[in-house]
Structures are given as structure tokens and as C-alpha cells.
Amino acid sequence: MFVAVVGLSHRTAPVEIREQLSIPELQGTEAVNYLCRYPHIQEATILSTCNRLEVYLVASDAEHGVRETMQFLSDYKQVDLAHIRPHLFTLLYRDAVMHLMRVASGLDSLVLGEGQILAQVKKAQELGQKSKGAGRILNKLFNAAITTGKKVRTDVKITTGAVSISSAAVELAIRQGVALAESQVTILGAGKMCRLLVQHLLSKGCKSMTLVNRSLERAQALAEEFPEAKITLTPWEEMIPAVANADVVFAGTGATEPVLEKANLYGSLLHPVMLIDISVPRNIAADVEDLPGVTLFNVDDLAGVVEENKAQRQKLVKVAEAILEEETEAFWDWWRSLETVETISSLRLKAESIREQELEKALSRLGKDFADKHLDVIEALTRGIVNKILHDPVVQLRAQRDIEARRAAMRTLRELFNLEDDLQLQPQQEQP
């Protein structure tokens, strides 16, 4: 078995490529099921956010598993593989494990230490479980990554001074000269990212804003979370007038196609407007910037804002990475121990078979009355003896970290106890 990750992120691909491969939440189960039909894919799940699309997999063969995953991305999203291949990265073995640890801890995020990614990693695990794509290996890996992410945030305070994509967007507007307290602000969407937008706008002095959403009930629920703000709710059908009247517009809907285009805005804008798109796929088409008076920014433009935060927290990152190394090694010890499962199972089965045979002989000599009266005690006694005899060899075998020493011990056990010689050792599992 091999563990690997294939994907792309804000580090390897521009937003134009990321949005082509983005997999909406509602398509997640279908996508995982599609991927698991490939012959070498044993387990799989998908982490899809505005800044990354990563496929985590367990494969029977590393080369074939990676190749099938790349082909899946091409086939499922109907894009030319040659077009996306230069932007894809592949990590195997321990590197794949460490990568997920870094992602869950926020160390690989555009905004260092951002909090949303941990919840997104949990959703990726839930997707794998729901679609039957995640089995024993991926569930163990994701549990370890989620635990590590929580530990980093608690012990290292990596989120101290950190900002989300939403707060980076607000800061960008301020840097561009927008006086939020005096400006007309419009927000498109009412999801988690827009909730964070409202929160950060309020912290920067913006007390009045217009919220446009397809579901007014959801928009109303969001507005009720911030009673101190004056939030005007606007139906989706009136989106264009709401944009035209604004000084700055933040777009954060879950739409898979642009909701603002040059065609539907042409002739509607009465004064200069700043448009900040924090969604992937993008909510605002690139051609909107051709309109006079429009200044357009997308998620890639936020990199400069968040870079300063990274510099302030590099010392904390070193402490966090030490935790990641420790947790990655713990997972890897567990992964290596899987090689011993077959030998340990065979040893226990043989011991149990001997116990049952000898117990049956003893009970037949003791007589039916004695056997019926004391069976539970005798069962517990014999099981306890077997378990205590096997305990030390099993613990020592699992704890052995040296691959050759462990395999030598496994062979010795099989020879000494005459276990069936069907052991398949796979040295590729031990790649660092």
C-alpha cells in the first residue's frame, strides 16, 4: 500500500486553473465514487477549498495510483491533462502525511494559521466516510491531522495575529484608500466567508452595509448575528442596483459561474467602484475590469496583504513544525506496524486453536458437571494465560522501528511457531 496526495494550490496554480478543478461540495460524493472506480485506488477523499484542490489516496501501486488520480482530474473536470499537469504536485509516503499535517495546522495556507482550513479538513474526512472512499488508513491519517491542527492552535497560538481571507480582503480595501466608515459597502453572499467579512468590517468601523443573497432567510439569520450593525437585506434580483450604488463590493457566494459580468454591469455603474472577489470559482468575471471606474481584485491579490503576517509569525512556525514532526513520526510508526498485523494475527489464531483443543480435552476428563459449573472460570483462566504469554512478543514486534530487525523477528516467529508462510513484505511502505 502507498499513501499519496495529488493536487494543486495557491502555491502552484493561478486562480484560473484552480477554479477549473474546483469540486463543489454537492459533487463531492460523486467525485470520490468516480475516482474509486480506478483499479489501483484503494481509498480516497478530496479536499476542495478556494485555495486548493487535493486528492488524498491509498493505492496498491504508487505510480499507477498517481497516474490514475491525474487522469481522474482531467476526465471528471473535462480539462486537458497537459493543460493542468504543470500545476499539479505529487507527494508520497511520509511527505504526504506531513503535508496534510501542515494543511490542517494552517501552515500551508495563504493566510498563515487561518482557522477555516481545519473545518475544511474535517469535511474532507466526512466526505471520504460518507462516500465509502476513506478506509482504515485515511481515517487514521485525517484523525491524526485534525488532532495535530488543534494542538498547534492551542499550544503554539499560531492564529495569534492571523487573518482569514475575508479579513485580508477588508484590509486590502483599507490599503486602497477606502474609508469604510463613510463608504457604501455591499456584500454578495451570506455564507461563512461573508459572516467573517461582516465581522471584520465592523471591527474596522463600518457600521452600515447591504447584504445581497439568493436566500433572504439565510441573509436575515446572518444579519441577526450582528445586531449592532445596520444591515440592509436586498433580494438577488436587485443585485445590480445594489452593486451600482456601492463604493466597495465584496463577492463571496458559492456560485460556480460569475454572477457579475461586463454585460450585466455595462451602463449601470454611476461612479467608481472597487470589487473584491474572495471566491473560487470567481464570482466576478475578469472582463468587468474593462468597465470605466472599476477596480477589481481577486484572491490572488490578497497575497501581499497576508505576507506581512507571515513574517511576524515565523518563530511560531518553527515551534509548530516540531510538533508536526512528532505527530508525523507517530503516524508513520503506526503505518509501519501494519506490516506486522498478518504475523500477529496468525500467531494469535494458532495460540487460540491450541487453547481450545487443550481446553476441550481437559473438560472431557473433568466431567460434564464440573465443566458446566466452572466453564467461565476455566475459559477466563486459559485466555488470560495465552494473552500474557503473547503480550511481550507482540508489543516488542510492533515497537521495533528498524525495518530489517522487525522483519527478521517476524520470520523467526513464523519459523518457531510453524505459522503458514504467506507473508508478503513490501519494502516500498518504508520510504521516508
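Modeller: The account below takes the pocket and its lining, then turns to a helix and a surface patch elsewhere in the description. The model is a predicted one.

The largest pocket holds about 1,600 Å³ of space. Its lining is made up of 50 residues, and those nearest the centre of the pocket are Glu25, Ser48, Gln120, Lys123 and Gly254. Two or more lining residues come from each of helix H2 (28-35), strand E2 (41-48), helix H6 (116-130) and helix H9 (192-203). Of these elements, H6 provides the largest share of the lining, with nine residues. Sorted by class, the lining comprises 21 nonpolar, 19 polar and ten charged residues.

Helix H8 (residues 165-175) may be set beside this description. Eight of its eleven residues are buried, so H8 is largely enclosed by the rest of the structure. The buried residues of H8 are Ile165, Ser166, Ser167, Ala168, Ala169, Val170, Leu172 and Ala173. After H8 comes Gly177, which has a positive phi, near 95°.

On the surface, Leu381, Ile385 and Ile389 form a nonpolar patch, and their accessible area together is about 310 Å². Ile385 belongs to helix H16 (residues 368-399). Because its relative accessible area is 45%, Ile385 is classed as partly exposed, the class that lies between buried, under 20%, and exposed, over 50%.

Key. Residues are numbered from 1 along each chain as its sequence is written. This is a predicted model: local features need pLDDT of at least 70, side-chain atom pairs count only at pLDDT 80 or more; totals for chains, interfaces and linings use all residues. Side-chain values use heavy atoms; hydrogens and water are left out. Patches are made of residues with over 30% relative accessible area and no salt bridge: like charges are joined within 9 Å, nonpolar side chains (Val, Leu, Ile, Met, Phe, Trp, Tyr) within 5 Å. Accessible areas come from the Shrake-Rupley method with a 1.4 Å probe; for residues, only the protein chains shown count as cover. A salt bridge is a side-chain nitrogen of Lys or Arg within 4 Å of a carboxyl oxygen of Asp or Glu. Helices (H or I, at least four residues) and strands (E, at least two) are DSSP runs, numbered from the N terminus. Buried means under 20% relative accessible area, exposed over 50%, partly exposed in between (1.4 Å probe, protein chains only). On a 1 Å grid over the protein atoms alone, a cavity is a set of points where a 1.4 Å probe fits but cannot get out, and a pocket is an open set with protein on both sides within 12 Å along at least five of seven lines; lining residues have an atom within 4 Å of a point. Grid points are joined across faces, edges and corners, and a volume is the space filled by probe spheres set on the points. Ala, Val, Leu, Ile, Met, Phe, Trp, Tyr, Cys and Pro count as nonpolar, Asp, Glu, Lys and Arg as charged, and the others, Gly among them, as polar.
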